[in-house]
Amino acid sequence: GNHHQSYVSDRMNPDWQRRFTSDRRLDYKKTIDSESFRKNREQHHFTVRKTNRHDQLAKRRQVQILDNFPNPTPEIHELADLVLDLQSVIPSVQLKAAKELRERVSTEKNPPIDQLININLLPTLVRILSGDSMGDLQTEVTWILTNLASGTSYHTRALIAVGVVPVILSQLNSTHLEVASQSAWCLGNLAGDGVSTRDTLLSQGALHLLLSRLVILQYYLPFVKNATWALSNLLRGKPSPPLSATRDALPLLRDLLKVEDESVRIDALWALAHLTENELILDEFLSSQAAREILEILRRAKRVEVLIPALRNLGNVINGTDEQADSILNYGFLPLLADLISHKKTMIKIEACFTLSNVAAGTPRHREMIFECPGLISRLIQTTFSGGAQARKEVSHALLNLTASGVDKHVLSLVESGLVPALVKMLGRSDDTIVAIALQTLQATLESGARRSVCSTDVNTFADLFEREGGLELLEELQQHSNTAIYERAVYLIEEFFAGEDVDENVDQTNLGSSARFRRVGGGPFMF
């Protein structure tokens, strides 16, 4: 068959799923086989699914809209003259040049970052910040550096090469609050460049310096805003930084969740979401009461920007041990999830369905709790009709995880809530991943129906219902599917449950047993 994109990793049983290849396999969480991972999950062939993230911006530029800007694309000689003025011994000349350079790099479109780096502005900026010049000049220079650091990795490397990092770190201690605040912003842009820059900053003590300054300057909101965002960038990225370097951020981040300013709370939530991707911190996270605080935030929050990182944190806990997942589920997480599954914003639907599918990959008790939660199953099934393509994909994972355990009363509850028409709808989709997962879910459903028929009338009522909903015609069409895995399972299901006459005799049925549940961690659902 053809190669089709899928979430299914090659560690999965049964074998037929290996025919799906994944562009994302390189993204899988590195600790998938770690001893700390839940042993019972390994026994049940659980697979950990890692996905890309809907996330905050990695870099932020401080933009100024100027009405009468002298020349939107400055000539190189104009810039060179400004750099010369910046080296002047006359403070007023220096300050005027710094202001004009700051305005140049703060334009909304095409700031001249390359030109300024090429005419060797950086050593002058570093020299000014290293000296004891006045606060106004240092504020301007730090602002220039902040916007230079908002550029590409090439620009960031140029900044690091001239020694910007130690200078910016020392400016966090500036007695001028504006300079300290601007330095935190610059640090956030540097850290947002990627893992190697992040690790350079961590090795030079950036995180602990930020934490201590946050405690001292907690009364100055501009600093708190910039420093919280910088913290979230110091904690983000794969592989996660070592906990020895980052765990001290937890108590302060928990306190920042209570700050009045919403942008601070959002960045603190993202910082914690990055931190809790490392399952080794989850016990500390839970005992710090941060999770309880986030559950409360989730109850009250209206804005998507708050809901996504709040949900991401709790989803990370669900992916921990059974006991850790219990601590969230026992505090009323599932009713909140039920509300979020029918949220009007698709991104929230996707995140909520993703998280629910991971709850469903947990213990039998966790699945029982899903079925006991009023309205949750019907809302989940409704999303196969009303959600977007990505939400439907997440629902398909959740439904598979709920049927694959083979608990007949659960399958009956799903069927009574509209599972069969939902499966027919999914089988008619063009997305191969959804079709493949729907076939597995259908198989588990029909197997449950067969077990029920033995106890009653010998008629598989689920198979009958599937046929009445027009599902059999779709199955017959899938026998012609270009993907081997899909057509083999379609043939098997027709033969096994519909006494099929017109099936391909050459299909090897040894690998078409019931499916295993699987769980995915390391951020939220994949966004196309």
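## Terms and model

Helices (H or I, at least four residues) and strands (E, at least two) are DSSP runs, numbered from the N terminus. This is a predicted model, in which local features need pLDDT of at least 70, side-chain atom pairs count only at pLDDT 80 or more, and totals for chains, interfaces and linings use all residues. Residues are numbered from 1 along each chain as its sequence is written, and side-chain values use heavy atoms, with hydrogens and water left out.

## Backbone features in loops

N120 sits in the loop between α4 (113-118) and α5 (121-130). Its phi is positive, about 70°, although N120 is not a glycine. N120 counts as exposed, at 51% relative accessibility (buried means under 20% relative accessible area, exposed over 50%, partly exposed in between, with a 1.4 Å probe and protein chains only).

Q289 is also not a glycine and has a positive phi, near 70°. This residue is in the loop between α16 (282-287) and α17 (290-300). With a relative accessible area of 38%, Q289 is partly exposed.

The loop between α12 (221-235) and α13 (243-246) holds P239. The peptide bond that leads from K238 to P239 is cis, and its omega is near -5°.

## Partly exposed E476

E476 belongs to helix α29. The relative accessible area of E476 is 38%, so this residue is classed as partly exposed.
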